[in-house]
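Subject: Structure for your review

Dear colleague,

Please find below the structure that I would like to hand over to you. A summary of the findings follows it.

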Amino acid sequence: SGKTHTMRHVSRHMAVELLRRADEDGSGIELWVSAVEVYNEALRDLLPCESGPAPLQLRYGATGVARLEGVQYWGPVRGVEEAEALLEQAHQRRATADNGAHTRSSRSHLYLELSLRRAGVAFGQMTLIDLAGSEQLGHTSADSVR
């Protein structure tokens, strides 16, 4: 329980609501999902393609805007069950450890993107971020090991 539990609920609710509204709209709106973990200053795709995860690179353009290259977007998501399965897969793949307060405390940051597309063109995006490890050290048995 805590932030990660809340983020799981919020991400599921948002995906379900976006799918429901896209279905009602009937204009061909599609939901696509990506999930990236930041752990020990390394980036990892939590929803890699079947051939394995591609290396992820953070690149900066001439204007200084950062973009992530190599991340896998899954979609179009074909229903609530598929959305739930993708989100659960991403959450299960996150780095966790027992910190004395929680047996499966997230040790990583999660960057989850829900993207809306029509005719293959992205026109909307919701980004949810779960930051790891805000427990007070006095209430945990966490140490400096990551």
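A residue counts as buried when its relative accessible area is under 20%, as exposed when that area is over 50%, and as partly exposed in between. By this cut-off D130 is buried, because its relative accessibility is 2%. Please note that the model is predicted.

Overall composition

The chain has 146 residues, of which 32% count as buried. It contains 2 helices and 8 strands, arranged along the sequence as α-β-β-β-β-α-β-β-β-β. The accessible surface amounts to about 8,900 Å², and carbon and sulfur atoms contribute 52% of that area. Among contacts with a separation of 6 or more, 60% are between residues 24 or more positions apart.

Salt bridges

Side chains of opposite charge can pair when their charged atoms come close. The structure holds 9 salt bridges, and three of them are described here.

The partner of D130 is R94, with an N to O distance of 2.8 Å. This pair links distant parts of the chain: R94 is in the loop between α2 (80-93) and β5 (96-97), whereas D130 is in strand β8 (residues 121-130), 36 residues apart. R94 is also buried, as its relative accessible area is 4%.

Salt bridges that share partners also join E17, R20, R21 and E24 into one network. Within it, the side chains of E17 and R21 meet at 2.7 Å, N to O. Both residues belong to helix α1, and because they are 4 residues apart there, about one helical turn separates them. R21 is exposed, with a relative accessible area of 52%.

A further salt bridge joins the side chains of E37 and R44 at 2.8 Å, N to O. Its two partners fall into separate classes of accessibility: E37 is buried at 2%, while R44 is partly exposed at 35%.

Charges over rings

Two arginines lie over aromatic faces. R117 is placed over the face of W32, 4.2 Å from the ring centre, and R118 over the face of F123, 4.9 Å from the ring centre. The number of aromatic pairs in the structure is 0.

Helix α1 and M14

M14 is part of helix α1, which spans residues 3-25. Its relative accessibility is 21%, so M14 counts as partly exposed. Beyond its neighbours within four places in sequence, M14 is in contact with L114 and M126. M14 and M126 are 112 residues apart along the chain, yet their C-alpha atoms are separated by 8.8 Å.

Together with L58 and Y60, L43 makes a nonpolar surface patch of about 300 Å².

D45, by contrast, is buried, with 5% relative accessibility. Setting aside residues up to four places away in sequence, D45 touches A35, L56, G70, V71 and Q72. The C-alpha atoms of D45 and S34 are 8.0 Å apart in space, and the two residues are 11 apart in sequence.

Yours sincerely

Methods:
Residues are numbered from 1 along each chain as its sequence is written. This is a predicted model: local features need pLDDT of at least 70, side-chain atom pairs count only at pLDDT 80 or more; totals for chains, interfaces and linings use all residues. Side-chain values use heavy atoms; hydrogens and water are left out. Patches are made of residues with over 30% relative accessible area and no salt bridge: like charges are joined within 9 Å, nonpolar side chains (Val, Leu, Ile, Met, Phe, Trp, Tyr) within 5 Å. Accessible areas come from the Shrake-Rupley method with a 1.4 Å probe; for residues, only the protein chains shown count as cover. A salt bridge is a side-chain nitrogen of Lys or Arg within 4 Å of a carboxyl oxygen of Asp or Glu. Buried means under 20% relative accessible area, exposed over 50%, partly exposed in between (1.4 Å probe, protein chains only). Contact means heavy atoms within 4.5 Å. Rings of Phe, Tyr and Trp (its six-membered ring) pair if their centres lie within 6.5 Å; planes under 30 degrees apart count as stacked, over 60 as edge-to-face and the rest as tilted. A charge sits over a ring if NZ of Lys or CZ of Arg is within 6 Å of the ring centre and within 35 degrees of the ring normal.
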